[in-house]
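Dear colleague,

Please find below the structure that I am handing over to you. My findings follow directly after it.

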Amino acid sequence: MSPDFEKQSYWHERFKSETLFEWLESSEFFWTLIEPVLSKLPRKEHPPRILQLGSGTSDLHTYFRRNGYLDVTNVDYEPLAIERGRQMEEACFGDVRMKYMVADVTQLDNDLRENHKFDAVVDKSTVDAVSCGGNTPFLRMASGVRKYLVEGGIWVSLSYSSSRFNVEGLPFDVEILHKIPTPKLSEFDPVIYHYCYLLRPRRLGTSRVTMV
């Protein structure tokens, strides 16, 4: 029986003992994929405001800070994960400067202010966990991301699925930025890929998925 990745009870039990875990790819490698995209965000009025969805026990947020991105809000609906994130930042840097929030990524309206907009949203396989509950929570998550992105904002997402965003009603245009081969256990195994997606709010009525 597969784990109930879409249920908070699963994560509560898991995070009682887990202090660090990386989904799909290391944060160090994932950073090399997202940094070129983040570096192109406008910085005229303020530094880029970034929302990380489902921060869990990853150390990705430390890469944001290490590279000068301080206006970062890390959200997870499990309080233990939020506490782990704060502790990790303080252990790495001696203080806490990023924001941490207990929030359900499928119901961002309940926790974020109406005028709280972000230049970029990032998730590291959170879409995969949410999708275990079906298309309804997935589309609620996508709708919330769309609502809280500024004009011209972006969503960068890492997933194990080549069709993760092929969902009717998705309010985004989708590009596959990187198709990442995973290590083989033997030379005869088929090649399995992870996918780094770039999503922009949909224009002109119809979403699309393209390779770049």
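Read from the N terminus, the elements of the protein chain follow the order α-α-β-α-β-α-β-β-α-α-β-β-β-β. In total, the chain has 6 helices and 8 strands; helices (H or I, at least four residues) and strands (E, at least two) are DSSP runs, numbered from the N terminus.

This is a predicted model, in which local features need pLDDT of at least 70 and side-chain atom pairs count only at pLDDT 80 or more, while totals for chains, interfaces and linings use all residues. Residues are numbered from 1 along each chain as its sequence is written, and side-chain values use heavy atoms, with hydrogens and water left out.

The protein chain has 212 residues, of which 48% are buried; buried means under 20% relative accessible area, exposed over 50%, and partly exposed in between (1.4 Å probe, protein chains only). Its accessible surface is about 10,900 Å², and carbon and sulfur atoms account for 51% of that (Shrake-Rupley method, 1.4 Å probe; for residues, only the protein chains shown count as cover). Of the contacts (heavy atoms within 4.5 Å) between residues at least 6 apart in sequence, 75% join residues at least 24 apart.

Ala81 belongs to helix α4, residues 79–93, and is buried at a relative accessible area of 1%. The C-alpha atoms of Ala81 and Gly54 are 8.8 Å apart, with the two residues 27 apart along the chain.

Ser131 lies in helix α5, residues 126–131, and counts as buried at 18% relative accessibility. Apart from neighbours within four places in sequence, Ser131 is in contact with Phe138 and Arg164.

Yours sincerely
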